[in-house]
Amino acid sequence: MGRTKTNSGGGGSSQSPLTSDNSTSTAAAETRIKDLLKELYELIHQIQDERAQGEHNLTNISKTHERMQQEQKSKNEITPYYKNKLKGLYKTAMQDAELEAELLRKALDKITEVKSIRENRRLDSDRPKPIMRRGVLMSMLQQNAQTLPLWVSKPGERPPPLCGAMSADSNYVAKPGDKVAARVKSDEEENWILAEVVNFNQSSNKYDVDDIDADEGKERHTLSKRRIVPLPIWKANPETDPDALFMKDTLVLALYPQTTCFYRALIHEPPKKPQDDYSVLFEDTSYPDGYSPPLLVAQRYVICCKEDKKK
């Protein structure tokens, strides 16, 4: 059946309601992204200005200490003048740091929202998911790990669930598009694979997930909740939240480099800086001690292993 033509002289074809809704949704998403990028641009400038102000104040603190030490050589004590001056300078420095941290959190929130909108657009698209070449898929996984947001705690604040090694709450449900580790059965063997959530059925308490590395498009699995482990959605900062990281010798599941499968491993060294990866030892019977040499795996792809016994 052909498209319905209008009765006006223009003779143009009318859009279906679905196409019109999709166009409106896409336009709204594009507008929101542009607004967010504009706000992010302004925040970055504010952060730069605040950092310059903070550095100026830190320079004043350093110079004040130098002058105070020179005078101390003759007086052997800190005068009330320097005590009050340094107290004021340090108070200002703390306020500068807190304001800069707050601006950074706002900027990270904007980036997260942009990524979320783009991911939702991808999920809502009617186009079939493209089959990626192996190299492209590995590059994408590496990029996803590198761009995982860093959790910036406020003073006294504990890292939330799914930050680094922090497990999800028991009632947590992963959203469509979220990446998870999924325990699937194939050829009488069970493996933990990297998968993408399609949906969650509340009545059956089961997920539908797609294998991220299916050779011919989608390979879908329906799995119970206990066979799904959500991946971290924030990186933990080793300098401020070391308790949110797996410690040395902890048994974990880690994504083996250049694959999309998780295997049992021991933490060899946790990250020391925010941009660092874990160093892990994979269980491997081909080596005399039963473990591979140390290999690097990003925080994004290291999760808790509930099995205690070595296979």
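**A friendly note on Cys 304 and the cores around it**

1. Let's start with one cysteine. Setting aside residues up to four places away in sequence, Cys 304 touches Phe 246 and Leu 253. Please keep in mind that this is a predicted model. Cys 304 sits in strand β10, which runs over residues 302-304.

2. Is Cys 304 buried, exposed or partly exposed? Its relative accessible area is 35%, so Cys 304 counts as partly exposed. Cys 305, by contrast, has a relative accessible area of 7% and is therefore buried.

3. Cys 304 and Leu 251 are 53 residues apart along the chain, and their C-alpha atoms are separated by 7.4 Å.

4. How many disulfides does a search of the whole structure find? The count is zero. Cys 304 is in no disulfide, and the nearest cysteine sulfur belongs to Cys 305, 7.0 Å away.

5. Next, have a look at the nonpolar cores. The largest has 37 residues, and Leu 194, Phe 262, Val 280, Tyr 301 and Val 302 have the most contacts inside it. Two or more residues come from each of α3 (134-146), β2 (189-201), β6 (251-255), β7 (261-269), β8 (278-282) and β10. Of these elements, β6 gives the most, with five residues. There is also a second, separate core of 13 residues, with Val 180, Ala 182, Val 184 and Cys 261 among them.

6. Apart from neighbours within four places in sequence, Val 302 is in contact with Pro 232, Phe 246, Val 252, Leu 253, Ala 254, Ile 267, Tyr 278 and Val 297.

7. With 13 residues at 1.5 Å a residue, α3 should span 18 Å, and its end C-alpha atoms are 19 Å apart, which agrees. Which residues of α3 are buried? They are Leu 137, Met 138, Leu 141 and Ala 145. These four lie on the same side of α3, because they cover an arc of only 100° around the axis. Strand β2 is part of what covers the buried residues of α3.

How values were computed:
Residues are numbered from 1 along each chain as its sequence is written. This is a predicted model: local features need pLDDT of at least 70, side-chain atom pairs count only at pLDDT 80 or more; totals for chains, interfaces and linings use all residues. Side-chain values use heavy atoms; hydrogens and water are left out. Buried means under 20% relative accessible area, exposed over 50%, partly exposed in between (1.4 Å probe, protein chains only). Contact means heavy atoms within 4.5 Å. A nonpolar core is a set of buried Ala, Val, Leu, Ile, Met, Phe, Trp, Tyr and Cys residues joined through side-chain atoms within 4.5 Å. The expected span of a helix is 1.5 Å times one less than its number of residues. The arc is that of the directions from the helix axis to the C-beta atoms. A disulfide is a pair of cysteine sulfur atoms within 2.5 Å.
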